[in-house]
Amino acid sequence: AHTSSWLDWTSDGVSADLRDGGELKFEDTGSTNGSTLNGAAVLPNDPQPLHDGDHIVLGRTCRITVHIA
């Protein structure tokens with residue numbers, strides 16, 4: 001299966017990767033301050049599927065709402 005990384009985000013000790021290989025996924029690539037998906041902690045290097053309306057928090061400052069059209 002083809003997997004392409006279409007967003008790499010690194011800032012202030014937070015590192016994340018969004019991937020699309022037929023399914024949109026979020027992966028915390030070892031951030032210092034951690035990340036959550038819908039309020040649950042995301043383990044480093046454990047890609048999680050994303051769905052419309054999901055909420056990602058990176059570190060303490062970046063909040064993302066997923067909208068899939």
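Strands E4 and E5 run antiparallel and are joined by 2 bridges; strands here are DSSP runs of E with at least two residues, numbered from the N terminus, and two strands pair if DSSP finds at least two bridges between them. Within this pair, Thr 36 stands opposite Ala 41 in E5. This is a predicted model, in which local features need pLDDT of at least 70 and side-chain atom pairs count only at pLDDT 80 or more, while totals for chains, interfaces and linings use all residues. Residues are numbered from 1 along each chain as its sequence is written, and side-chain values use heavy atoms, with hydrogens and water left out.

E4 and E5 belong to an open sheet of 4 strands, ordered E5-E4-E7-E8 with antiparallel pairing. Its edge strands are E5 (40-41) and E8, each of which pairs on one side only. On the way across the sheet, E4 (residues 35-37) pairs with E7 over 3 bridges, in the antiparallel sense, and Ser 35 has Leu 58 in E7 as its bridge partner. E7 is in turn joined by 4 bridges to E8 (residues 62-65), again antiparallel; here Val 57 stands opposite Arg 63 in E8. E7 and E8 form a hairpin with 3 residues between them, and Gly 59 in the turn has a positive phi of about 60°.

In a regular strand the side chains alternate between the two faces of the sheet. Buried means under 20% relative accessible area, exposed means over 50%, and partly exposed lies in between (1.4 Å probe, protein chains only).

A further pairing involves E3 (residues 24-28), a mostly covered strand in which 4 of 5 residues are buried. E3 is joined to E6 (residues 48-49) by 2 bridges, and the two run antiparallel. The bridge partner of Lys 25 in E6 is Pro 49.

The loop between E6 and E7 holds Asp 54. The Asp 54 side chain does make a polar contact with the side chain of Asn 38, at 3.0 Å, and reaches the backbone nitrogen of His 51 at 2.7 Å. (A polar contact is a pair of N or O atoms within 3.5 Å; within protein, one must be able to donate a hydrogen and the other to accept it, and residues adjacent in sequence count only if both atoms are side-chain atoms.) Leaving aside neighbours within four places in sequence, the residues in contact with Asp 54 (heavy atoms within 4.5 Å) include Leu 37, Pro 49 and Ile 64.

After E8 comes the segment that holds His 67. His 67 counts as exposed because its relative accessibility is 67%. The C-alpha atoms of His 67 and Leu 50 are separated by 9.5 Å, with the two residues 17 apart along the chain.

Taken as a whole, the chain has 0 helices and 8 strands. Of its 69 residues, 29% are buried.
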